[in-house]
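Let's take a walk through this model together, starting with a charged pair and moving on to strands and a surface patch.

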Amino acid sequence: MLSYILWNPNEIMFHIGSFGIRWYSMCWLLGLLLAYFLMQRLFKEQKIPQEKFDPLFIYIFLSILIGARLGHCLFYQPDYFLTSWDHIVEMLLPIHHMTDGSWKFVGYEGLASHGGVIGMLFAIWLYARNMKMSIWTVLDNMGIVSCVTAAFIRLGNLMNSEIIGKVTDVPWAFIFERVDQYPRHPGQLYEALCYACFFIIIYLVYRRRPEKVGTGYFFGLCLALVFTARFLLEYTKDIQVDFEAGMFLNMGQLLSIPFILIGLACMKGGKWIQRLGAKAK
């Protein structure tokens with residue numbers, strides 16, 4: 001046991017009065033802010049007017065948060081959140097109904113990346129329509145920067161000791177003391193490192209082939225890399241909900257397959273997508 005990493009950090013990064021700022025919230029914020037500044041740089045390089053960029057952050061922030069929350073509740077815990085009005089309120093608001101009848105602020109405990117991506121795609125469609133932009137240009141730029149946010153979100157999961165891996169004897173195993181005393185794969189860290197590497201790869205490809213923005217290539221590359229990694233890394237993770245026990249593929253893997261196929265189709269369908277994007281302008 002001494003050779004493993006004992007892991008039990010405080011969930012609270014710092015306090016402002018009686019209000020605690022969680023590491024998880026800060027990781028989300030840092031990931032979104034870095035993506036914001038990177039996207040702003042891409043828009044400037046592509047000579048897209050600033051007034052078209054300004055509303056994008058609000059569209060993306062709200063859509064990812066709402067989509068990720070609804071995705072977790074509907075994909076992973078529908079038997080809880082859809083069984084009473086109190087639970088539906090908990091699904092929509094960051095509060096929990098206590099046994100004494102009171103309500104307690106707990107933050108959003110449970111966010112699903114697949115739901116966040118679905119919410120983001122809807123927001124990008126709405127944003128592109130309202131801003132009269134090619135949706136494929138926006139999607140490609142989002143594909144270039146998104147892995148930064150994904151990496152920070154998984155670091156937030158690590159700080160929360162959630163989405164833990166299966167029991168293992170690898171020397172870098174973590175003992176998540178908040179959960180149990182077994183050495184486990186740090187699945188959150190695996191994903192964070194993969195996403196950080198994917199950002200570097202996609203950005204370097206963009207620097208060499210900037211003319212591909214608007215063809216769907218970078219959006220497709222991002223989806224294919226992220227969800228292929230997610231599919232494979234699920235084999236190192238423990239199940240998140242009881243109904244996954246005994247499934248040949250767990251929920252995370254089942255939800256990843258359509259995104260992988262969409263990603264590959266976008267990478268291969270450059271000319272067709274470019275013509276479609278031109279019609280959408």
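Does Glu45 count as buried or partly exposed, and at what relative accessibility? Glu45 counts as partly exposed, at 29% relative accessibility. Here buried means under 20% relative accessible area, exposed over 50%, and partly exposed in between (1.4 Å probe, protein chains only).

## About the model

This is a predicted model, in which local features need pLDDT of at least 70 and side-chain atom pairs count only at pLDDT 80 or more, while totals for chains, interfaces and linings use all residues. Residues are numbered from 1 along each chain as its sequence is written, and side-chain values use heavy atoms, leaving out hydrogens and water.

## A salt bridge within a helix

Glu45 forms a salt bridge with Arg41, with 3.2 Å between the closest N and O atoms. The term stands for a side-chain nitrogen of Lys or Arg within 4 Å of a carboxyl oxygen of Asp or Glu. The two residues are 4 apart in helix α1 (residues 23-45), so about one helical turn separates them. Arg41 is partly exposed too, at 46% relative accessibility. Helices (H or I, at least four residues) and strands (E, at least two) are DSSP runs, numbered from the N terminus.

## A buried charged network

Searching the whole structure gives 11 salt bridges. One of them joins Arg154 to Glu191, the closest N and O atoms being 3.1 Å apart. This pair links distant parts of the chain, 37 residues apart: Arg154 sits in helix α7 (residues 135-159) and Glu191 in helix α8 (residues 187-208). Arg154 is buried at 6% relative accessible area, and Glu191 is buried at 0%.

Arg230 and Glu234 form another salt bridge, with closest N and O atoms 2.6 Å apart. Through shared partners, salt bridges join Arg154, Glu191, Arg230, Glu234 and Lys237 into one network. Arg230 is buried at 3% relative accessibility, as is Glu234 at 4%.

## Strands

An open sheet of 3 strands has the order β1-β6-β7, with mixed pairing. Its edge strands, β1 (5-7) and β7 (183-184), each pair on one side only. Two strands pair if DSSP finds at least two bridges between them. Strand β6 (residues 174-176) runs antiparallel to β7, joined by 2 bridges, and Phe174 stands opposite Arg184.

Elsewhere to look, β2 and β3 make a hairpin with 2 residues between them, where Gly17 in the turn has a positive phi of about 70°. Ile16 stands opposite Phe19 in β3.
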